[in-house]
Amino acid sequence: MSVRQRWSRSRSVDRRVRVQGSPVDSYPPLPPEAERGSVRRVTVVGEEILDRPSQEVTEFGTPELSALIDDMFLTMHVADGAGLAANQVDVDLRLFVYDCPDDDGIRHVGHLINPTLELPDAGSRRLIDDSEGCLSVPGARMSVPRTDRAVVHGFDKDGNPLVIEGTGYFARCLQHESDHLIGHTYLDRLSRRDRKDALQQMEERRERVFARRATKAASLGR
């Protein structure tokens, strides 16, 4: 998912960064995982891996899994993303990473493995129509309705259970990345006309997006 700046209303909230759902007193702009990672190619809509459900992770605590998460964090950072699913780096596993603000400006950072998305009941949910982008649909943005709250149950890389709750833009991110792991992009939520518009935007802008990513990767020596 592509990142977007949010501003919050002034109110009394704990504004510490949430890492894997827990507040921390300090956290660097570039997550430690990204410092260790390597940049991977981001898959683009139309590639088969984006169109089918991803496989469950069955082995936890492996060096390979840790390295994948590190690479995903750096790839997301280089692409100016707020979230990234494993199939977006051509890996067929149920895993996503995120570094995303909510509507209060609180930063949420972490990863989720084998996530299960839980949305409010139909009677209590509130749909928000807002602009959304995707790193696998480079350069396009369209308005997509999403619920303003979401909860995701899953595991960390060591197999410890996690429950991550999001509101506002972060809730949108959790829904967007969960969609990826069942083989959907946000284009699947659009009308035929809007999907065509998004694909046209991508065609016109993708090379500029790729150039920006390459420049940012080079600036980091990657």
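Visitor: Where does Glu56 lie?

Guide: In this predicted model, Glu56 sits in the loop between α1 and α2.

Visitor: What makes Glu56 count as partly exposed?

Guide: Its relative accessibility is 45%. Buried means under 20% and exposed means over 50%, so at 45% Glu56 counts as partly exposed.

Visitor: Which residues is Glu56 in contact with, leaving aside its neighbours within four places in sequence?

Guide: Glu56 is in contact with Leu93, Arg94 and Asn114. Pro115 is 59 residues from Glu56 in sequence, and their C-alpha atoms are 9.4 Å apart.

Visitor: Why is the pairing of the Glu56 side chain with the side chain of Arg94 called a polar contact?

Guide: The distance is 3.0 Å, and the cut-off for a pair of N or O atoms is 3.5 Å. The side chain of Asn114 also makes a polar contact with that of Glu56, at 3.3 Å.

Visitor: How do you know that Asp71 is buried?

Guide: Asp71 has 12% relative accessibility. The limit for buried is under 20%, so Asp71 counts as buried. Asp71 is found in helix α2 and touches Gly37, Ser38 and Arg40, not counting residues up to four places away in sequence.

Visitor: What is the span of α2, and what is expected for it?

Guide: Helix α2 covers residues 63-78, which is 16 residues. From first C-alpha to last it reaches 23 Å, close to the 22 Å expected at 1.5 Å a residue. Just after α2, Asp80 takes a positive phi of about 55 degrees.

Visitor: What covers the buried residues of α2?

Guide: The cover includes α1, β3, β4, β5 and α4. Among the buried residues of α2 are Leu65, Leu68, Ile69, Met72 and Phe73.

Visitor: Which residues touch the most other members of the largest nonpolar core?

Guide: They are Met72, Phe73, Leu84, Leu95 and Val97, in a core of 24 residues. The elements giving two or more residues to this core are α2, β4 and β5. Helix α2 gives the most, with eight residues. Apart from this core lies another, of 15 residues, among them Ala85, Tyr98, Phe170 and Cys173.

Visitor: What does Phe73 touch, not counting residues up to four places away in sequence?

Guide: Phe73 touches Pro31, Glu33, Ala34, Val97, Tyr98, Val109 and Gly110.

Visitor: Why is β4 described as largely enclosed by the rest of the structure?

Guide: Seven of the seven residues of β4 are buried, so the strand is largely enclosed. Leu95, Val97, Asp99 and Pro101 point one way from β4, while Phe96, Tyr98 and Cys100 point the other way.

Visitor: How many bridges join β4 to β5?

Guide: There are seven bridges, and these strands run antiparallel. Two strands pair if there are at least two bridges between them, so β4 and β5, with seven, are paired. Pro101 stands opposite Arg107 in β5. The hairpin of β4 and β5 has five residues between the strands, and there Gly105 takes a positive phi near 80 degrees. Three bridges join β3 to β4, also antiparallel, with Leu84 opposite Val97.

Visitor: What makes α3 largely enclosed?

Guide: In α3, 14 of the 14 residues are buried, so the rest of the structure largely encloses this helix. Gly183, which follows α3, has a positive phi near 90 degrees.

Visitor: Where does pLDDT stay under 50?

Guide: Over residues 5-10, for which the model has ten contacts beyond four places in sequence. The chain averages a pLDDT of 94, and 96% of the residues score at least 70.

Note on methods:
Residues numbered from 1 in each chain as written. Heavy atoms only, no water. Helix = DSSP H or I, 4+ residues; strand = E, 2+ residues; numbered from the N terminus. Expected span 1.5 Å × (residues − 1). Buried < 20%, exposed > 50% of the residue type's maximum accessible area, 1.4 Å probe, protein only. Contact = heavy atoms within 4.5 Å. Core = buried A, V, L, I, M, F, W, Y, C linked by side-chain atoms within 4.5 Å. pLDDT = per-residue confidence, 0-100. Polar contact = N/O pair within 3.5 Å; in protein donor to acceptor, adjacent residues only side chain to side chain.
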